[in-house]
Amino acid sequence: MNQFGLENVRSKYILPRILNEDSNIYICALNQSKFLCDATIQVENENFCVHKIILGTCSPYFRALFRNSEDTYKLDGIRSDIFKIIMDYAYMQKTTIDRDNVILLLLSADYLYIDGITRLCLDFIKEEIHLKNCFYILRFARDHSFLDLKNQAYAYIMKNFSDIFKYSPELMNSTVDELEEIIGSYDLNVKNEDIVWEAVIAWIEHDPINNRRHLARLMPNVRFGLLDPQYFIERIKDHPLVLGDDSCRSMVYDILTLMNDLDTISEIEVEVSTPLMAIPRVPHEVLFAIGGWSGGSPTSIIETYDTRADRWIAISKDDPAGPRAYHGTAVIGHNIYVIGGFNGREYYNSCRCFNAVTQTWREIGPMHEKRCYISVVTLNGFIYAIGGYNGGVRLNTVEKYDPATNQWSLVQPMLCVRSDADAATLNGLIYVTGGFNGRQVLRSVEVYDPETDEWSLIADMTTNRSGVSCIAYHGEIYAIGGFNGWNRLKSGEKFRPSRNYWIEIPEMSMPRSNFAIEVIDDMMFVIGGFDGQTTIDQVECFDDDRNEWFQVTDMNINRSAVSACVMDGLPNLHEYIYQNRELLLEDRRQRLRSEISNDNISGMEDVD
């Protein structure tokens with residue numbers, strides 16, 4: 001392994017030919033035969049016979065050098081083995097890049113203004129960024145002014161901060177300037193702020209003599225207002241490093257004051273501002289909720305959920321083709337595919353695609369069957385549409401969409417007819433749970449192996465479930481809620497393939513069927529649905545580590561038959577997240593006061 005942590009495994013990048021084949025053969029022959037060479041370049045102790053016009057076409061450096069009419073030119077600061085690679089690029093339009101040569105080749109190509117090799121080397125290094133070399137690459141890129149590589153390494157650190165802290169020594173060797181910039185960023189991807197505090201303490205304890213004096217400088221970058229108050233009291237308030245610094249003790253007083261204000265915010269009469277320590281960071285993933293059934297008819301409304309701000313945002317990019325419910329969604333790249341569904345009159349085999357970057361809709365190839373109450377998953381770059389209802393019969397047929405060809409193809413049908421089921425993928429297999437076969441609500445589960453194109457039954461769920469939601473989470477298949485033929489369900493269960501049986505999990509706070517489900521921020525979210533009496537806007541999330549459900553902010557509208565998906569890596573992420581983060585506390589104060597006022601009015605009406 002070299003100094004940048006690039007393991008010694010060889011890899012190649014070959015440039016496409018830009019000349020016709022005869023020309024390339026002739027130029028390669030010139031290089032090999034030295035015929036018509038008009039200059040010699042001396043690199044270290046080796047002489048290279050070259051053609052000025054060949055080297056001049058790939059580098060302005062050589063064009064300037066060859067203005068001096070000489071026979072021999074000396075290149076200092078470049079190794080001969082690296083120059084051989086550059087010669088291959090100039091004459092044969094190809095270059096071999098591996099983990100041993102990429103750094104020297106990049107620096108040499110940059111020095112000689114050979115943009116083609118420079119770009120290839122930078123792309124190679126970007127693909128090699130990992131937990132144990134990201135800081136080295138960040139510093140290397142910064143020191144040599146490779147801005148795009150610097151941004152890529154920095155983005156990697158932002159996204160993977162928790163894992164870098166847990167599994168790599170990289171963070172402990174950072175400077176205070178680097179650490180302050182990282183933990184102070186809105187883009188830092190942490191589920192909870194306690195990881196930021198623990199990283200600061202670990203960094204100080206790594207070199208206490210030199211680092212402890214920086215605690216007061218680093219503390220303001222931790223969002224203490226987002227911490228569990230009990231954690232702050234038990235782990236931070238009386239920490240020896242905090243007690244030993246006057247500035248830190250003063251900050252503790254300010255934090256405690258803020259936490260008290262948060263507990264009594266509904267009693268505050270005047271507008272409140274949100275201090276930096278309580279402003280949530282920016283999420284790296286966004287949850288989309290699309291379409292559904294609301295107010296007695298289908299809707300095309302799109303909302304996104306900002307997990308860090310705990311807010312839903314209405315996105316004014318409805319599908320111009322119209323609303324649909326009981327559909328499925330799938331994400332590939334920056335595209336959201338909306339599959340099948342029902343608009344209140346028509347059952348769809350049509351499919352739509354929303355590009356979240358350009359924010360444009362387009363039609364894609366139609367399915368072979370009309371399908372609502374459909375189950376949709378993605379696996380290995382394909383979209384699978386499973387079962388459903390075509391307006392006449394329930395289906396066991398399954399088809400697969402290839403985005404490269406814009407075509408659907410039928411695969412092996414399920415063993416059971418199922419609509420109102422749901423599906424998830426785990427370890428390269430597709431699991432389909434429950435549903436309705438036209439006569440009864442099902443508890444059976446089957447699994448599809450795309451390698452063999454075969455379905456097989458596995459252990460039944462403990463409960464019959466139609467309108468169920470299913471997802472893979474922490475290596476297990478979860479089946480949540482639904483309708484058992486008599487009631488909407490609060491219950492849920494999970495299946496681990498290695499043990500081949502289902503076990504119950506804690507119940508949701510309210511029953512629901514025909515709702516959306518997704519995993520984001522390492523928690524499982526259930527969204528909207530039908531509670532047996534009405535469509536609902538309530539959302540809650542399950543944390544497997546705590547084995548507990550939590551309430552989160554409701555959607556902006558009630559809806560069931562909604563579908564959700566998660567997208568990360570959006571270059572225009574800020575268009576989908578909550579904008580007024582500095583007003584969050586005031587928004588919270590107003591909502592709480594409004595709820596209290598409504599409760600008081602309701603209580604008075606009950607008395608009357």
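Analyst: UniProt positions are given in the numbering used here, and annotations may be inferred rather than shown by experiment. The model itself is predicted.

User: What does UniProt list for residues 37-99?

Analyst: An unreviewed UniProt entry lists "domain: BTB" there. In the model, this span is 41% helix and 22% strand. The C-alpha atoms at the ends of residues 37-99 are 32 Å apart.

User: How many aromatic pairs does a search of the whole structure find?

Analyst: The search finds 28. Take Phe62 and Phe66 as one of them.

User: Why is the pair of Phe62 and Phe66 called stacked?

Analyst: Two values settle it. The ring centres lie 5.8 Å apart, and the cut-off for a pair is 6.5 Å. The planes meet at 25°, and stacked requires under 30 degrees. Both tests are passed, so the pair is stacked.

User: What makes Phe62 and Phe66 count as buried?

Analyst: Buried means under 20% relative accessible area. Phe62 has 0%, so Phe62 is buried. Phe66 has 11%, so Phe66 is buried too.

User: Why is the pair of Tyr473 and Tyr478 called tilted?

Analyst: Their ring centres are 5.4 Å apart, and their planes are at 55°. Stacked needs under 30 degrees and edge-to-face needs over 60. Tyr473, at 2% relative accessible area, is buried. Tyr478, at 0%, is buried as well.

User: Which residues do ring pairs link into a cluster?

Analyst: The cluster holds Phe48, Tyr61, Phe62, Phe66, Tyr73, Phe83 and Tyr111.

User: How do you know that the charged end of Arg223 sits over the ring of Tyr186?

Analyst: The distance from the ring centre is 4.7 Å. The limit is 6 Å, and the charge must also be within 35 degrees of the ring normal. The charged end of Arg223 is reported as sitting over the ring of Tyr186. Arg488 does likewise over the ring of Phe483, 4.2 Å from its centre.

User: Is Cys134 buried or exposed?

Analyst: Cys134 has 0% relative accessibility. Buried means under 20%, so Cys134 counts as buried. Cys134 is found in helix α7, residues 134-143.

User: What does Cys134 touch, leaving out residues up to four places away in sequence?

Analyst: Cys134 touches Ile129, Ala153, Tyr156, Ile157, Ile164 and Glu170. Touching here means heavy atoms within 4.5 Å. Cys134 and Ile164 are 30 residues apart along the chain, with their C-alpha atoms separated by 9.0 Å.

Note on methods:
Residues numbered from 1 in each chain as written. Predicted model: local features only at pLDDT ≥ 70, side-chain atom pairs only at ≥ 80, totals over all residues. Heavy atoms only, no water. Helix = DSSP H or I, 4+ residues; strand = E, 2+ residues; numbered from the N terminus. Phe/Tyr/Trp six-rings, centres within 6.5 Å; stacked < 30°, edge-to-face > 60°. Buried < 20%, exposed > 50% of the residue type's maximum accessible area, 1.4 Å probe, protein only.
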